Amino acid sequence: MHNLRHLNRVSTGLSYLLQRERVWGQPVFFTIETINSCNFRCIYCPQSDQEHHFVNGRGIMSLEDFKRIIANLRSCFDVRIVSLHRDGEPLLNKRLEAYIEHLTELGIYVTVSSNCSLLSEDRAQRLVAAGLRMVGTDFCADAATYERLRVRGVWEETLEGIRHLLRAGAKQDADFRVVIKDMATHAASSTEAAGLMARTQALFAEWSDRVTVMPVYFHNALGESLVNLSKPSEAPERTLYTLCHQPWVNFTIDFAGRVVGCCRDLRSEYVIGNLLEQSAAEIWNGEKMMTLRRALTEKRPQDIGICKACDVPWQGSYSGRTPLEKVRNFFFAGAWRR
Ligand SMILES: C[S@@+](CC[C@H](N)C(=O)[O-])C[C@H]1O[C@@H](n2cnc3c(N)ncnc32)[C@H](O)[C@@H]1O
Ligand code: SF4
């Protein structure tokens, strides 16, 4: 099984590097949204747009559908890591622990991205006990910056929420960690960013081996974020094109079981199939997915609605700037090796 997993990664990585429309391997990373409402309105997030939910509505995935979707995925792919978030705040799903438990029982590594505002001591303990292994969150040491960007967020409450999680991890002696994207590093130089991240790390000194702080990178997937964060005139230039890796590595599923072409398609505008109706393998190399991959390899992102405004092909992403960097980071680094 171990070798098969590596073979899968290599095949997927090669398919991306060789710009194949039909991927030889399988997705590396699975992202499943169980709920898409949010209690925050972060200015860099599409949730801050008052019309956001007019496109895709609001919804929650039942536990029963979730189990059907997982069974479908597992019948086609070797599912190793699942992230239980996409649009919205996953902890608004009051039964999230049951979804995590199901994955844990199947030996799957579970992560979640959360704003960490809804974490009592008890909930944090339950989430870690259910098998949650990693929480990603946006935070920083500067309360004013945090509250300006994370609209409706209260810095002290979030700090306490993150600490509850870390205490739970330590108390249960669990393989559990928190990854913080330091929001204050947005638009900071690398020297400034290092100082800012050290301040954030110091807030969690007691659990330093469980906390990673990294710089934030706000992108412009739906064409709004940069306008909110800066002036439109400061939008970066579109000069150097790099093939976006997302349609080669990601399988992103919304609350209704729909698979979308990219994890940044938060409004499910490019639906490539539905896991409650079709097999995962059929969707992965289906016509719509291949149309998306083809448009990107032919440098025509403007032909696909969700790619039109996205800056990833021009500016890179967390996974890197060049195809080789992306392959190294996405397929063979850190957590993805599981
Ligand atoms: C949409 S949120 C959903 C999960 C959860 N509510 C949270 O805030 O972590 C998932 C991730 O998307 C990121 N995100 C939202 N808008 C973004 C943008 N314009 N650029 C980069 N990341 C963004 C957030 O920073 C968060 O890490
Ligand atoms: S980034 Fe997360 S917390 Fe903020 S508005 Fe978007 S979904 Fe909500």
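1. A residue is taken as near a molecule if its C-beta atom, placed from the backbone, lies within 6 Å of it. On that basis the residues around ligand 2 are Cys 38, Phe 40, Arg 41, Cys 42, Cys 45, Gln 47, Gly 88, Glu 89 and Asn 115. By class, this shell around ligand 2 holds four nonpolar, three polar and two charged residues, where Ala, Val, Leu, Ile, Met, Phe, Trp, Tyr, Cys and Pro count as nonpolar, Asp, Glu, Lys and Arg as charged, and the others, Gly among them, as polar.

2. This is a predicted model, in which local features need pLDDT of at least 70 and side-chain atom pairs count only at pLDDT 80 or more, while totals for chains, interfaces and linings use all residues. Residues are numbered from 1 along each chain as its sequence is written, and chains are lettered from A and ligands numbered from 1 in the order in which they are written.

3. The protein chain has 15 helices and nine strands, these being DSSP runs numbered from the N terminus (helices H or I, at least four residues; strands E, at least two). Of its 338 residues, 42% are buried, a residue being buried if 20 or more other C-beta atoms lie within 10 Å of its own, exposed if 12 or fewer, and partly exposed in between, with C-beta atoms placed from the backbone.

4. Helix α4 (residues 96-105) packs with helix α5 (residues 121-130) at an angle of about 20°, their axes being 8 Å apart; axes are lines fitted to C-alpha atoms, for helices over the stretch in contact, and angles run from 0 to 180 degrees between N-to-C directions. The two helices α4 and α5 are therefore roughly parallel to each other, a term for angles under 35 degrees.

5. In this pairing, Glu 97, Ile 100, Glu 101 and Thr 104 of α4 meet Arg 126, Leu 127 and Ala 130 of α5, with contact defined by C-beta atoms, placed from the backbone, that lie within 7 Å. The residues of the contact of α4 with α5 comprise three nonpolar, one polar and three charged.

6. Val 28, in the loop between α1 (2-17) and β1 (29-32), counts as buried because it has 22 C-beta neighbours inside 10 Å. Asn 274, in strand β9 (residues 271-274), has 15 such neighbours inside 10 Å and so counts as partly exposed.

Terms used
Parallel < 35°, antiparallel > 145°, perpendicular 65-115°, else oblique. Contact = placed C-beta atoms within 7 Å.
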